[in-house]
Structure formats: structure tokens, C-alpha cells
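Please read the points below alongside the model. They begin with the aromatic residues and then turn to the whole chain.

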Amino acid sequence: MALPKILALDLATRIGWAVGAPDEEPVYGTHPLPSASASLGRFGDAYDQWLLDRLTFFQPGLVIFEAPFVSGTGNANTARKLMGLCWQTEIACYRRETRCLEHNNSSVKAAFAGNGRADKDEMVAAAKRRGWNPKDDNAADALGLWCCAVRTVAPKHAERFNLRVVGRKAA
């Protein structure tokens, strides 16, 4: 029996995403949302349409997203957008009866890059060590999140993502 797919989302104005079953290689990418100056309604609608399309196409059994980090975002609109993306993800998953979880950003970075404060370049490098080639840090973050989800829901398939396996000592 095939394992259910996991859809991992790095929620930002450029959505990083990765999807696949734990026993398969994920597909991944980045999707831009309307510019920061766009109205909240336009921004939210664009995300909602994109997310519903992904849920329909991939039919994941689990959606996991990074918990929002809104401290120091600069303004209330940015914080509202980040929290709104989480809210919309939860609602869409509820309506589709899809399990939905969030994961702490520093835990993802520690597990994926070996450092809970890994920067963008370190996350991209961690993805490349695993044989993936993300176009940017958003896709790399989503891949890290996907790996964490695999460890959580299908641990027997997670060993291949262990840092020791890909040539770097685990922290």
C-alpha cells in the first residue's frame, strides 16, 4: 500500500513547497504571491487558489507548515499576511479533511542543516547535500520541513535524510 503524500509549506510571500510520499523523492519549488503592496484580500485569494489547486492535484495525507515568526517583521501588514497564510492553510485542510501540523523553524533548521540558526545559504547547501537542487531558500526550507515531517510520521523512511548519511556529522 502506498504511503500518503506529505505537502510541506514554507509560508511567505514566496511560498516554498515540497511534496511526496515518505518512501519517494519529493518534488519541490517556489510560488510567488502578489507583491507586499497588494491588498490583503488579493494576497489571501491568490494563496487560497494556489493551495486548493495543490491539495486537489497532490491529494496529500498531511500538510505541514512552518510556525510563523512574526517578531521583527517590520509592520502589522506583514504580520497579518504571515498569520493569514497559516489560518488559510488550516481552514483549507479542515475543509478537505486533511491532517495539518505546524513545525518550529529552528527545529527544522537544526534537523536539516545541523544548526537551529542556519541561514538561507546553509539551508540551500543542506538540500544540495541530499541531492536536491532548490532554486532558492524558500524551496530549501520546504524540503527541510518535508524531511522533518517524514521523521515524524514515517521514521523508518527518515534515515536517508540523517546528516551522518549525507556526509556531515549530526548536531
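1. Trp17, Phe57 and Phe58 form one aromatic cluster. The model is predicted: local features need pLDDT of at least 70, side-chain atom pairs count only at pLDDT 80 or more, and totals for chains, interfaces and linings use all residues. Residues are numbered from 1 along each chain as its sequence is written, and side-chain values use heavy atoms, without hydrogens and water.

2. Four aromatic pairs turn up in the whole structure (Phe, Tyr and Trp rings, the six-membered one for Trp, with centres within 6.5 Å; planes under 30 degrees apart are stacked, over 60 edge-to-face, the rest tilted). The Trp17 and Phe58 rings are 5.9 Å apart at their centres with planes at 35°, so this pair is tilted. It joins distant parts of the chain, Trp17 being in strand S2 (residues 14-20) and Phe58 in helix H1 (residues 40-58), 41 residues apart. Trp17 is buried at 14% relative accessible area, and Phe58 is buried at 12% (buried means under 20%, exposed over 50%, partly exposed in between; 1.4 Å probe, protein chains only).

3. Trp132 and Trp146 make an edge-to-face pair, with 6.3 Å between centres and 80° between planes. Trp132 lies in the loop between helix H4 (120-129) and helix H5 (137-153), while Trp146 lies in helix H5. Trp132 is buried at 6% and Trp146 at 0% relative accessibility.

4. The protein has five helices and five strands, in the order β-β-β-α-β-α-β-α-α-α from the N terminus (DSSP runs: helices H or I of at least four residues, strands E of at least two, numbered from the N terminus). Of its 171 residues, 46% count as buried.
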